[in-house]
Amino acid sequence: MFCKSYCAAVIGVDARIVQIEADVNDGMPIFQMVGYLNSEVREAKERVRSAIKNIGWGFPAKRVTVNISPADFKKEGTAYDLGIAVALLCSFGRIQCDKLDQILFAGELSLNGKVNSINGVLPIVLAAKERGFKYCIVPACNVNEGAIVSGIKTIGTDSLQETVDIIEKECFDEMAVPNEEWKSNYSACMSKDFSDISGQPMVKRAAMLAIAGGHNMLMIGPPGSGKTMIAERLPGIMPGLTMKESIEVSKIYSSSGKFTETKGFVYERPFRAPHHSISPAGLIGGGISPYPGEISYAHRGVLFMDELTEFKRDTVELLRTPLEKKYIEHTRNNVTIRYPSDFVLVVAMNPCPCGYYPDKSKCSCTPLQINRYLSKLSYPLLDRIDIVSQVQSVKYASINSQDKDIYTTSYIRERVNAMRSIQNKRFNNDRITLNSEMNLFHIKKYCVLDDECKNFMENVFEKLSLSVRGYNKILKVARTIADSEECDNITINHLKEAVIYRSFDRQIKEVM
Ligand SMILES: Nc1ncnc2c1ncn2[C@@H]1O[C@H](COP(=O)(O)OP(=O)(O)OP(=O)(O)O)[C@@H](O)[C@H]1O
Ligand SMILES: [Mg+2]
Ligand SMILES: [Zn+2]
């Protein structure tokens, strides 16, 4: 008898519906599987055969064929097992169900019939919903990944036997997990507040502007001045994710099996701080069966690279393309997989090997040593940084100061939210959300300069020998500064502050 069931293939962060056809005929006993399968999928034969036998049903000595279609892409992974087993049991006449075309099955089987976890349940449930399936039966340990998706019922199963029971009793609705209500959330790191940091008002302001406008930021300064402290407190000032963004981020974590790490659906903006020994593939993703890297895990959040000069230059340079495009593509076996990677880059470093330049009382580095140190940096990467904040040593007076620091986490977060809503309103019809995303068209429209500002910028362009990208970045940051004061127009003061954030350019260019 011929029967079919449905499953889905996870490709990158999305899933594609596949059909599993099973046919049983009299003839020489043979079990074959076709449909452009890799070895993992072909091995499903053994897992499914044993699982069916071990739940007490024999495997008939007949000619059994399974076809997984469409055949235009290579099937990988173990998620097809459950769908194959169900299609086979149906074609053997062991179970009867007229609802199989409304159900999508995904799960790996072990030899004793238990259903094991798989990667990518969230994209699978989303794809199933889009294609109009009513139910999705997935491993019980992954069922929460699908709970957020409304309009489809996600059911968890622990074993092939339990799956058969659900199908036979048709108790789909009762077994479905309750829908999880989506909620916007701020980061939970409440123990770390910006007010813990003494002094550094300029750096805190720069951090606020960076997060509000989505600008990449570099903090440069002496050891022990609070650079790492500031970075660690960024999650607290990041606005909550929208539901669309939450789903985007959760899909990345679900498809790579990291849902347990996030303890469920991702409600908070990610903050990733990879160690400087990270490999190129660890940073940008890749591999034979491509997986996402830190830049994708940081999607819609912050990627923090502490001690930038310690990272291998070649590794850092790999960030150039994703920083511009906001996604990364990996091509294997003629298939291109795209992972989103739209993050704010925050980096920290010392200005010289000892860390105290230009404080001559402490720094004894020679110009040659400083040059060698700075030449480890990637200039193209620095050109993609909008805000360079020079961190000063903390003065004793500010350590014990009784003055109230206005830059608390809750104050900055409020300001960031206000600035984000100004941007949302402005870009309502522009398909962007942040000042840092403005292209030339947007810059022309929203960064109009009067004559005084134009003259000022002409001067700056020459003096700092700016690249066009550098020039545009000043305008974008000035737009964010103007937003922080709720000004419709960019004024010369906004430009002046934005130029201060690029003054590192000159020093670096002299070295490289
Ligand atoms: N501005 C500050 N206010 C309060 N404590 C500070 C400040 N700066 C540094 N500290 C203290 O010094 C420790 C080290 O600070 P932090 O790691 O942020 O320095 P850093 O600038 O990253 O230094 P390095 O360049 O060596 O990485 C902190 O854990 C904190 O206890
Ligand atoms: Mg540090
Ligand atoms: Zn030095």
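**Helix H21 and its surroundings**

In this predicted model, helix H8 (residues 201–213) meets helix H21 (residues 468–484), their axes coming within 10 Å and crossing at roughly 105°. H8 is therefore roughly perpendicular to H21. On the H8 side, Leu-209, Ala-212 and Gly-213 make the contact. H21 contributes Val-477, Thr-480, Ile-481 and Ser-484. By class, the residues of this contact are four nonpolar, three polar and no charged.

Now follow H21 itself. The helix has 17 residues. From first C-alpha to last, H21 reaches 25 Å, close to the 24 Å expected at 1.5 Å a residue. Buried residues of H21 include Lys-473, Ile-474, Leu-475 and Lys-476. Val-477, Thr-480 and Ile-481, which take part in the contact with H8, are buried too. H8 is one of the elements that the buried residues of H21 pack against. The others are strand S16 (387–390) and the helices H18 (409–426), H19 (440–446) and H22 (492–500). After H21 comes Glu-486, with a positive phi near 55°.

Next, the ligand. Around ligand 1 there are 14 residues. Pro-223, Gly-226, Lys-227, Thr-228 and Met-229 are the closest. The shell holds four nonpolar, nine polar and one charged residues.

Last, a strand. Val-34 lies in strand S3 (residues 30–34). Asn-67 is 33 residues away from Val-34 along the chain, yet their C-alpha atoms are separated by 4.9 Å.

Definitions and conventions
Residues are numbered from 1 along each chain as its sequence is written. Chains are lettered from A and ligands numbered from 1 in the order in which they are written. This is a predicted model: local features need pLDDT of at least 70, side-chain atom pairs count only at pLDDT 80 or more; totals for chains, interfaces and linings use all residues. A residue is near a molecule or strand if its C-beta atom, placed from the backbone, lies within 6 Å of it. Ala, Val, Leu, Ile, Met, Phe, Trp, Tyr, Cys and Pro count as nonpolar, Asp, Glu, Lys and Arg as charged, and the others, Gly among them, as polar. Axes are lines fitted to C-alpha atoms, for helices over the stretch in contact, and angles run from 0 to 180 degrees between N-to-C directions. Helices (H or I, at least four residues) and strands (E, at least two) are DSSP runs, numbered from the N terminus. Angles under 35 degrees count as roughly parallel, over 145 as roughly antiparallel, 65 to 115 as roughly perpendicular and the rest as oblique. Two residues are in contact if their C-beta atoms, placed from the backbone, lie within 7 Å. The expected span of a helix is 1.5 Å times one less than its number of residues. A residue is buried if 20 or more other C-beta atoms lie within 10 Å of its own, exposed if 12 or fewer, and partly exposed in between; C-beta atoms are placed from the backbone.
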